[in-house]
Every structure is written in structure tokens, then in C-alpha cells.
Amino acid sequence: MRVTLPTVEDTHAFGRRLAGLLRAGDLLLLTGPLGAGKTALTQGIGAGLGVRGDVTSPTFVIARVHRPDPVLGGRVALVHADAYRLGDAADPRAEIDDLDLDASVDESVTVVEWGEGLVEQLVDAHLRVRIDRRDDDTRVVDLEPVGGDWASRLAVLA
């Protein structure tokens, strides 16, 4: 599935729509060049899930947990991780293991930027999200379901 998002606001709005399909145990792998809109999409997902706090890039802290806010209609936590800096590690999978993402994956929505090839083993099925940014700042988002019921869930977005 491919979606074209002309503005950052559209990227946020799409993230909110996507959040409506998400449930505890879901893993999303976000890839794309720096500045493509991975965090902007995750901000929309966080808003759609009704989580507490601002969703910001976890590049320097590696991972953040955003708890659901009942006042905002929050229903599930969002774990937002960024494996970008782990790419230079001698053993990036060991670094990922140190984050203990597997401890929270069943009870939260887990979004990992730059996590392809590092975190897929956490769950049986996941959603690959590739974001590219054109010269005019339009984002092109490709959603690739991997196993599970992702394909049928994504059909409602079409």
C-alpha cells in the first residue's frame, strides 16, 4: 500500500488514522532517510493512541515509553525506539537486546525507527513502513504487512 502525504500535517493525520488500527503487541518498523518524517508519523500515532507527553525523536535516549492518558482516550502504551545510533555498534542486536523491548512488546504498540534487520524477531508479524521525502517535501509512505492480519487491517485505510 502506498500513500502520498503532501505536508507534515498530513503525515500526523495519517499516523492518527493508522493508530486506529493498532493494538497491543503490534510492531512497526520505520525506515527512510534522515528527515523523511518517521518521527512525524510516530507523533500522529501517539496522538491517535492518546498517549501522555510529547512524542519526540528518541535518537539520543534510544527508546521512550509513552503511557496511555485516559483523559485523551488512551488505551495502550507507545514504545518509540530509534536504532539509528546502534548501527555503528559492534553488535547492534546485543544493543537492542539491552533495551528489553521484548519485555513490553505484548502490552504496547512498539515503533522502531531504523530497526529493520534488528527487531523483527520480537513478534510473529509486523508492519514495515518506508517513508521517502521528495524535493517538494511530499512524503511517500509504503506500508508492507509481514504476516498476521496486517493486510486485512490495512485494507480499511485504502
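Helices (H or I, at least four residues) and strands (E, at least two) are DSSP runs, numbered from the N terminus. By that rule the chain has 5 helices and 7 strands, and from the N terminus on their order is β-α-β-α-β-β-α-α-β-β-β-α.

The model is predicted: local features need pLDDT of at least 70, side-chain atom pairs count only at pLDDT 80 or more, and totals for chains, interfaces and linings use all residues. Residues are numbered from 1 along each chain as its sequence is written, and side-chain values use heavy atoms, with hydrogens and water left out.

**The chain as a whole**

Buried means under 20% relative accessible area, exposed over 50%, and partly exposed in between (1.4 Å probe, protein chains only). Of the 158 residues in the chain, 48% are buried. Contact means heavy atoms within 4.5 Å. Among contacts with a separation of 6 or more, 64% join residues 24 or more positions apart.

**The nonpolar cores**

In soluble globular proteins, nonpolar side chains tend to be buried together. A nonpolar core is here a set of buried Ala, Val, Leu, Ile, Met, Phe, Trp, Tyr and Cys residues joined through side-chain atoms within 4.5 Å.

| Core | Size | Residues named |
|---|---|---|
| Largest | 28 residues | L28, I45, L49 and V129, with the most contacts inside it |
| Second, separate | 8 residues | including L27, V112, L122 and V123 |

Leaving aside residues up to four places away in sequence, V129 touches L28, L29, L30, T31, L41, V141, D142 and L143.

**Helices α1 and α2**

Helix α1 (residues 8-19) packs against helix α2 (residues 38-49) at an angle of about 45°, and their axes are 6 Å apart. Therefore α1 is oblique to α2; angles under 35 degrees count as roughly parallel, over 145 as roughly antiparallel, 65 to 115 as roughly perpendicular and the rest as oblique. On the α1 side, the contact is made by V8, T11, H12, F14, G15, R16, L18 and A19, and on the α2 side by A40, L41, Q43, G44, I45, A47, G48 and L49.

**Residue T7**

T7 lies in the loop between β1 and α1. T7 counts as partly exposed because its relative accessibility is 31%. T7 and R139 are 132 residues apart in sequence, while their C-alpha atoms are 7.4 Å apart in space.

Note on methods:
Axes fitted to C-alpha atoms, helices over the stretch in contact; angles between N-to-C directions.
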